[in-house]
Amino acid sequence: MVKHVDKVVKVTNSGGMSEFVFFAAWIGAVVYFVEQASGFWGVIVGFLKACVWPAYVVHHVLGLLHL
């Protein structure tokens, strides 16, 4: 006789306050870029810009630090 045991593992990921700050900054970037958009494709480009703006910030900060 085979006995089946079902085990449930609950995995939680808690980034804390830093995840909230990054999410709030992303929402702010979406609002900023979409407000400047004109037309449907402008909104799409604004959304994409909001997704990649941290890369531009890091690039410019490293450039200012001459790294």
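Is I44 buried, partly exposed or exposed, and at what relative accessibility? In this predicted model, I44 has a relative accessibility of 33% and therefore counts as partly exposed, because that class lies between the limit of under 20% for buried residues and that of over 50% for exposed ones. The residue is found in helix α2, and its C-alpha atom lies 9.7 Å from that of F33, a residue eleven positions away in the sequence.

The overall form of the chain gives the setting for this residue. The protein chain contains two helices and zero strands. Its radius of gyration is 21 Å, well over the 11 Å that the globule rule gives for 67 residues, so the chain is more spread out than a compact globule. Along its principal axes, the C-alpha trace spans about 70 × 40 × 20 Å, and buried residues account for 6% of the 67 residues in the chain.

The packing of the helices was examined next. Helix α1, formed by residues 17-35, packs against helix α2, formed by residues 40-64, at an angle of about 150°, and the two axes are 8 Å apart. The crossing of α1 and α2 is right-handed. On the side of α1, the contact involves A25, W26, A29, V30, F33 and V34, which meet V43, G46, F47, K49, A50, C51 and W53 in α2. Sorted by class, the residues of this contact comprise eleven nonpolar, one polar and one charged.

Aromatic residues were then considered. A pair of aromatic rings is described by two quantities, the distance of the centres and the angle of the planes. A search of the whole structure finds four aromatic pairs. In one of them, the ring centres of W26 and F47 are 5.7 Å apart and the planes stand at 80°, so the pair is edge-to-face, given that planes over 60 degrees apart are classed in this way.

Y32 has a relative accessibility of 46% and so counts as partly exposed. Finally, F23, W26 and F47 form one aromatic cluster.

Key: Residues are numbered from 1 along each chain as its sequence is written. This is a predicted model: local features need pLDDT of at least 70, side-chain atom pairs count only at pLDDT 80 or more; totals for chains, interfaces and linings use all residues. Side-chain values use heavy atoms; hydrogens and water are left out. Axes are lines fitted to C-alpha atoms, for helices over the stretch in contact, and angles run from 0 to 180 degrees between N-to-C directions. Helices (H or I, at least four residues) and strands (E, at least two) are DSSP runs, numbered from the N terminus. A crossing is left-handed if the near helix is turned anticlockwise from the far one by less than a right angle, and right-handed if clockwise. Contact means heavy atoms within 4.5 Å. Ala, Val, Leu, Ile, Met, Phe, Trp, Tyr, Cys and Pro count as nonpolar, Asp, Glu, Lys and Arg as charged, and the others, Gly among them, as polar. Rings of Phe, Tyr and Trp (its six-membered ring) pair if their centres lie within 6.5 Å; planes under 30 degrees apart count as stacked, over 60 as edge-to-face and the rest as tilted. Buried means under 20% relative accessible area, exposed over 50%, partly exposed in between (1.4 Å probe, protein chains only). The radius of gyration is taken over C-alpha atoms; the globule rule is 2.2 Å times the number of residues to the power 0.38.
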